Amino acid sequence: MAQVLICGAAIVTLSMGIRHGFGLWLQPITMERGWTRETFAFALAIQNLTWGVAGLFVGMVADRFGAYRVLLAGSLIYALGLATMAVAATPLAFTASAGVLLGIAQAGTTYAVVYGVVGRNIDPARRSWAMGVTAAAGSFGQFLMLPVESALISGVHWAGIAAFAGVGWQSALFILAGLALLIMPLAVGLKERPLAASTAGQQSIVQALREAFGYRSFQLLMAGYFVCGFQVVFIGVHLPSYLKDHGLTPQVATIALALIGLFNIFGTYAAGSLGQRYPKRHILSAIYILRSMAIVAFLAAPLTAASVYVFAAAMGLLWLSTVPPTNAVVAQVFGVRHFSMLSGFIFLSHQLGSFLGAWLGGKLYDATGNYDVVWGIAVALGVFAALINLPVRETAIHRPAMAAA
Amino acid sequence: MKRRFAGWLHSRAFWGVASLLALGLVFTAYLQPGLMFELANQVWNCF
């Protein structure tokens, strides 16, 4: 169990951490290549959508052939994507590398795949906690890698990497490609015995999908996760601009993002641990309603640096804390045979919400001149998600046909 | 000596303090990136 947890946590730390700092490359790459910001933003939007869509297929492969092979391929594609991102000289090549390759790589090295192994190898009684530990590791990776990538881009002139010194952002991407390759040895710790041989007579992929999509609780979880993606990405992308519009310094925005990252670690771990003792639907409802309350309080209170820090800490606690309970419910209800694939479908919903949160934030800002409408939508969606998670059923689904077989 | 070292590794307090120090260090990197780069270079130069 310890091996699965340590290797799984380390893999998610790397995979989630490396991608978290991609925004830092916007300025150096667009300046050097002479591209617009839209070119860069488009590649990252494609990356998020590819991550969501590829997650479905990667999940199916991981459930069928084991996570180990998927992680090996994901690690290679991650490194290849980062290396080609460094040398891509045209917008199309950049979109293919930073968008498509890295999107596939993230699908193959993040939660859905790792959670499949965690779900299959850790006792159901401790599953929620274990998912909390893994998600907290991903949160730590995001918190850690932002300053690390910033340092790499600015060209830390360490003796050992003198060959890279002065090259700047390109060498930083090659170093990150090397880091992504570390996922390969870590994946050995998640090697499982072949799954197909031991599961004859069980559900096919089509049966599993038909069952999940016909089950109301699965639809409700998907809708809730959509809201999670919308809120998190809207705040992550647009909060710095919102603060700037209201006359706060960039330093305040930096500290706010750091606080979100820091408290996110504790929040995801706590949500996983609480899932051991309390109904996960209640935890999810509480997270969504608390997010709405935090946003309302933030907007109602006078905007100062202190109010921003309190809001950032509160949102940090609620940031990725939906990940462990949502995935734990899926494993609990549908079992772990097709878990990575089902988790992939839920995550696709999250990514569609993310896309909408980022895009609608900008679109409505351009249309109205402020973020008021989008904040309102975020609050309303939070209340909606809190309500729809309440009737989610957490008991294992009854399969009379399978039991008879 | 070896046993004492093993004792540390199994101590929750040790890992708790180490984790808090690591988190504090990363948080400082957000506030004072220059200071952290300097520190990283100093540590690297010790080898």
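Two residues are in contact if their C-beta atoms, placed from the backbone, lie within 7 Å. Helices (H or I, at least four residues) and strands (E, at least two) are DSSP runs, numbered from the N terminus. This is a predicted model, where local features need pLDDT of at least 70, side-chain atom pairs count only at pLDDT 80 or more, and totals for chains, interfaces and linings use all residues. Residues are numbered from 1 along each chain as its sequence is written, while chains are lettered from A and ligands numbered from 1 in the order in which they are written. The predictor gives the complex an ipTM of 0.70 and a pTM of 0.84.

Start with helix α4 of chain A, residues 67–87. α4(A) has 21 residues. From first C-alpha to last it reaches 30 Å, close to the 30 Å expected at 1.5 Å a residue. (The expected span is 1.5 Å times one less than the number of residues.) The buried residues of α4(A) include A:Ala67, A:Val70, A:Leu71, A:Gly74 and A:Ile77. A residue is buried if 20 or more other C-beta atoms lie within 10 Å of its own, exposed if 12 or fewer, and partly exposed in between. What covers the buried residues of α4(A)? The cover includes α1 (2–20), α3 (37–65), α5 (91–109), α6 (111–121), α8 and α9 (183–187) of chain A.

Now look at one of these partners. Two packed helices are described by the angle between their axes and the distance between the axes. Helix α8 of chain A spans residues 169–181, and α4(A) packs with α8(A) at an angle of about 175 degrees, with their axes 8 Å apart. Axes are lines fitted to C-alpha atoms, for helices over the stretch in contact, and angles run from 0 to 180 degrees between N-to-C directions. The two helices, α4(A) and α8(A), are therefore roughly antiparallel (an angle over 145 degrees). On the α4(A) side, the meeting residues include A:Ser75, A:Tyr78 and A:Leu82; on the α8(A) side, they include A:Gln170, A:Leu173 and A:Phe174. By class, this contact of α4(A) with α8(A) has 12 nonpolar, two polar and no charged residues.

A:Tyr78 leads on to α1. It is in contact with A:Ser15, which lies in helix α1 of chain A. A:Ser15 is buried, with 28 other C-beta atoms within 10 Å. Leaving aside neighbours within four places in sequence, A:Ser15 also contacts A:Gln106, A:Thr109, A:Thr110 and A:Ile183.

Further along chain A is helix α13, residues 280–300. The buried residues of α13(A) include A:Ile283, A:Leu284, A:Tyr288 and A:Arg291. They pack against α7 (127–153), α11 (216–245), α12 (250–277), α14 (305–317), α15 (323–334) and α17 (372–389) of chain A.

Then find A:Leu348, in helix α16 (residues 339–368) of chain A. Is A:Leu348 buried or exposed? A:Leu348 counts as buried, because it has 24 C-beta neighbours inside 10 Å. Not counting residues up to four places away in sequence, A:Leu348 touches A:Gly52, A:Val53, A:Gly55 and A:Leu56. The C-alpha atoms of A:Leu348 and A:Thr50 are separated by 9.3 Å, though the two are 298 residues apart along the chain.

Finally, turn to chain B. It has three helices and zero strands. Buried residues make up 9% of its 47 residues. Confidence in chain B is lowest in helix α1 (residues 2–9), at a mean of 67, and highest in helix α2 (residues 12–31), at 85. Where pLDDT is low, the predicted coordinates should not be read in detail.

Note on methods. Parallel < 35°, antiparallel > 145°, perpendicular 65-115°, else oblique. Nonpolar A, V, L, I, M, F, W, Y, C, P; charged D, E, K, R; others polar. pLDDT = per-residue confidence, 0-100.
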